[in-house]
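I set out to record, entry by entry, what I looked up in this structure. The entries follow the order of my reading.

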Amino acid sequence: MMMEQSPLALLPELCLLAGAVATLLAGSFLPRQRQWVARLIAVTALLAAAVSAALAFPGGRSRDFGPPAETVFGAFVLDTATGVTRLVVVAAVLLVIGLGVDELAGTARESETYALLLLGGLGAIVLAATDDLLVLAVAFLLASIPVYALVGMVRSPGAAEAALKTYLLGALSGILLLLGATVLSGIAGGTAYVDLATGLAAAPAAAVAVGALAVLAGLLFEAGGVPLHQWVPDATQGAGTAAAAFLTTVPKVGALVAAARLVDVLPGALSWPLLVGLLAAATMTLANLAALAQTDARRLLGWSTVSQVGYLLMPVAVVTSTSAATPALLVYLAGYAVTNLTAFAVLAAVPGARSLTDFRGLARQRPWLAAALGISLLSLVGTPPTAVFLGKLTVFTAAWDGGLAWLVVVAALNTLVSLFYYLRWLVEAFRPGEPAPTAGWAHGAALAGALGVLAVGLGAGLVTALTGDGTLG
Amino acid sequence: MLSSIIFLPLVAAALLAVLRVPDRVARWTWIAVTTADLALVGVLIARYETPADGGLAFEERARWIPSVNSSWHVGVDGLSVPLLALTAVVFCACAVYGLREDRRPRQHAALFLALQTTCLGLFAAQDLIVFFLFFDLSIVGMYAAIAGWGHGREAGRSALQFFLYTFLGSLALLLGFIGLYLAADPHTFDIPELIAAAPLQDHPVAGGFVLAALLVGLAVKTPTIPFHTWLPPAHTDASAIGSAVLAAVLLKMGTYGFVRIAMPALPDAWRGAAWVVLAVGIASVLYGALVALAQTDVKRMIAYTSINHMGYVVMAVGAAGLLGGGTAARELAVTGAVTQMVSHGLLTGALFLLAGVLHDRTGSYAMRDYGGLARTAPLWSGLFAVAAFGSLGIPAFSGFIAEFQVFAGSIGTTAWAAIALPGILITAALFLRALQLLVTGLPGGRSISFSDVRAVEAVPVTGLLLLSLAIGVLPWLLLDLITPASAVLVDLVGR
């Protein structure tokens, strides 16, 4: 492994950080009507991050020559997983801003929201890229504190309750993560994952289990997986649409890649594939059953995102046993991000609609928006040729290949259950009725997202080529 | 050429969905595109020569997802050409019948054109992911057709039941496909490669599980008992065209999956499960016929005869897995099965379109509401009588050719297949009863002032019946296509 100390290797992250600071400063000095300048700064920073991340993408380089992965400052891995995470997070934040413009423009805390989105995205990337427990703990805070603030940004009783719930659960998970990190580094004699891999092999299994479970608990909170998922539906329902879109997408990307990196180095004394597999099964089953009864579109999507974490935990479970796991995880994350954001863009485009029945008449009045909703919901079900189908195909294959065929059957049955509630929403959109007025930017974001969903599914060859045959660096 | 046949309807569908053309233009575009596609399929058949050593004709392959060895791979052989032709014919007939559709005709035409692409694509697919893609999309399309243009009060509910049920089937199918993919070395989703490798040949347990997943997936779609419960409500609440497409084309996807994937890729497991398949087929034949006999609603009756007719196909492919009989008998059974798929498509398509005329005039499918239609609607009665006799297997129609081969082949393999023979008798009884209730006697109830079929209704039905007659009179036209492919298939199953 090559050690590099050039800050330029972290250019995408620096762009986000500088962008967040500049957005905040600019926002403080700009009058309320000209906050679009702050938005412009944020978008510029994101575009710069996207370009630098694309240029630094390790795919071509690592395959042709040189080591498979580099580590910067001994704690930040530059491998395919990091490269894909950077691109997905940056694209996701861009889409969040796109779908949130109508909602945020002219509000009292517009520039602060953009700054928080950038910081949360930065936290997610660091979370995904680090291979050091201490940096993981810092990244956890960087990824979760903006989320607390974003949830509480709307001054409504629901948002206040959701923010408190998120904060309390997050504080608890953060403490658990720190505790776990302490235990693991104590027994392994170091905080870097390289040290964990060697140091934990001979350590008592019980101590390793306690430490690793505590760290995983923190990551499960961040991803919104069972048993630390309770904040997700509340926050999704209570927060503003842009904040909800962000918190159900970006932190998950970071947390799940981080979980894969951690599980990858844990010793085999305890059956981690089985344990994570059980967590995956519990997450998807519980969330799907809970989603069945929902009548509020936001809450339904909130539970839906929890159930998707269940499928996303499948490749994490088999990350040690098959080389197909990491590419599958990355493909699913990319597909999930664009699909979920498209669904939220539809929500943002019809700001007045809360319950499922409020979407009646959408197909008649706004056929394109209804088409975008249809594409995103069918993708969440996993219908080909959409993005999540590609994810499900690769994830199911990886899980089966990794020896968890039972989990694949559970996931297939869960997919069937999920069809029921996604379809319930879609059917309402095609019923006659008087739909609420729509918003322009979010409408465009929904269409762009829907095109993205189809592009990922149809351009599957390109997407899988990007995620490569990647093993974690 | 094959890809253009598959995607021509989809392109037209996209244009119709986007451009706000007048209804009249949309209706005629639909007819024009389906006719053009039918003509292209005609050219394909004219240029088709049975490929040597069980290969594929008109093969096309393009990169798609190389990391999992899945590609856009299409091609045809004697098993798929008849079904491609059937698809093009049925959709063309439905387009003509659809001239009378006055509920959102533009979207209606676009939906059915898109559905046609999924059907054509499925029958040409030579890659499991491509197959699955079209299998799933056909479910979505049919769901939209039932929910959006169905006419029952419960249309939404029936459509949901259809979606959930067949989606369960497609998930089982996906699991089976993943199993096949992982078993092959190197991993691949390519159907010819999987057939050549027969990857689970020496793994009876894994092979059994994978085949079980495939069987459940395909049996739901076919449907066989006990997975048939979605079919009658779906048919009752679908429009005439929706029912015709569902019965004539979509049901074939299940049985086509047997002969295209399950049998040749898992020969060992298939032979092991052959008795089960045979038994399920016989049970479907008898059960479908008996329940159809008890129906008072003409559309439900036709729906249950579909279960009966598809039961013959399942019975025949089951018999083809029993090595006891001679090769010739098993080949005959497979040829009969494929012939039956085509025959059922033509005849049941015609029957559902005719049932649609009843609903169009009076809003009722109840047989007791009618009587004496021969006097008020002689043309309708004549067409219905021909379709009914054809469907019950009278010689000179395709149904006879198909069922004769199915029984000759199956009984030639195992005498147990003779248990299904009463199915023919019951089917004859129920069609005669339906004719008696609807057509004969004095006009009463809703038959009075019933206006006879119009040209747009009579033409497509007549076309379908004439094709069935042509196959019945000149069976070699079809059998020359199928026979070499069934010989190859029987060889593969016997490995």
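**Entry 1. A helix contact in chain A.** I note at the outset that the model is predicted. I looked up which residues of α5(A) meet α6(A). On the α5(A) side I found Thr113(A), Leu116(A), Leu119(A), Gly120(A), Leu122(A), Gly123(A), Ala124(A), Val126(A) and Leu127(A). On the α6(A) side I listed Val135(A), Leu136(A), Ala139(A), Phe140(A), Leu142(A), Ala143(A), Pro146(A), Val147(A), Ala149(A) and Leu150(A).

I then turned to the geometry of the pair. Helix α5 of chain A covers residues 110-129 and helix α6 of chain A covers residues 133-152; they pack at an angle of about 150°, with their axes 8 Å apart. α5(A) is therefore roughly antiparallel to α6(A), because an angle over 145 degrees counts as such. I also noted that the crossing of α5(A) past α6(A) is left-handed.

**Entry 2. Helix α14 of chain A.** I looked up the span of α14(A), which runs over residues 297-317. Its 21 residues reach 31 Å from the first C-alpha to the last, close to the 30 Å expected at 1.5 Å a residue. I recorded the helix as mostly covered, with 21 of its 21 residues buried.

**Entry 3. Leu451(A).** I located Leu451(A) in helix α20 of chain A, residues 440-458. Is Leu451(A) buried, exposed or partly exposed? I counted Leu451(A) as partly exposed because it has 14 C-beta neighbours inside 10 Å. From Leu451(A) to Leu300(A) I noted a separation of 151 residues in sequence and 23 Å in space, C-alpha to C-alpha.

**Entry 4. Where the chains touch.** I found 23 residues of chain B in contact with 22 residues of chain A. On the chain B side, the elements giving two or more residues are β1 (57-65), α5 (128-149) and α6 (155-183) of chain B. Which of these gives the most? I recorded α6(B), with eleven residues. The chain B side comprises 18 nonpolar, three polar and two charged residues.

**Entry 5. A helix contact in chain B.** I looked up helix α16 (residues 398-413) and helix α18 (residues 455-473) of chain B, which pack at an angle of about 50° with their axes 6 Å apart. That angle makes α16(B) oblique to α18(B). I listed Ser398(B), Phe400(B) and Ile401(B) in α16(B) as meeting Ser468(B), Ile471(B) and Gly472(B) in α18(B). This contact divides into three nonpolar, three polar and no charged residues.

How values were computed. Residues numbered from 1 in each chain as written. Chains lettered and ligands numbered in written order. Predicted model: local features only at pLDDT ≥ 70, side-chain atom pairs only at ≥ 80, totals over all residues. Axes fitted to C-alpha atoms, helices over the stretch in contact; angles between N-to-C directions. Helix = DSSP H or I, 4+ residues; strand = E, 2+ residues; numbered from the N terminus. Parallel < 35°, antiparallel > 145°, perpendicular 65-115°, else oblique. Left-handed = near helix turned anticlockwise from the far one by under 90°. Contact = placed C-beta atoms within 7 Å. Buried ≥ 20, exposed ≤ 12 C-beta atoms within 10 Å, placed from the backbone. Expected span 1.5 Å × (residues − 1). Nonpolar A, V, L, I, M, F, W, Y, C, P; charged D, E, K, R; others polar.
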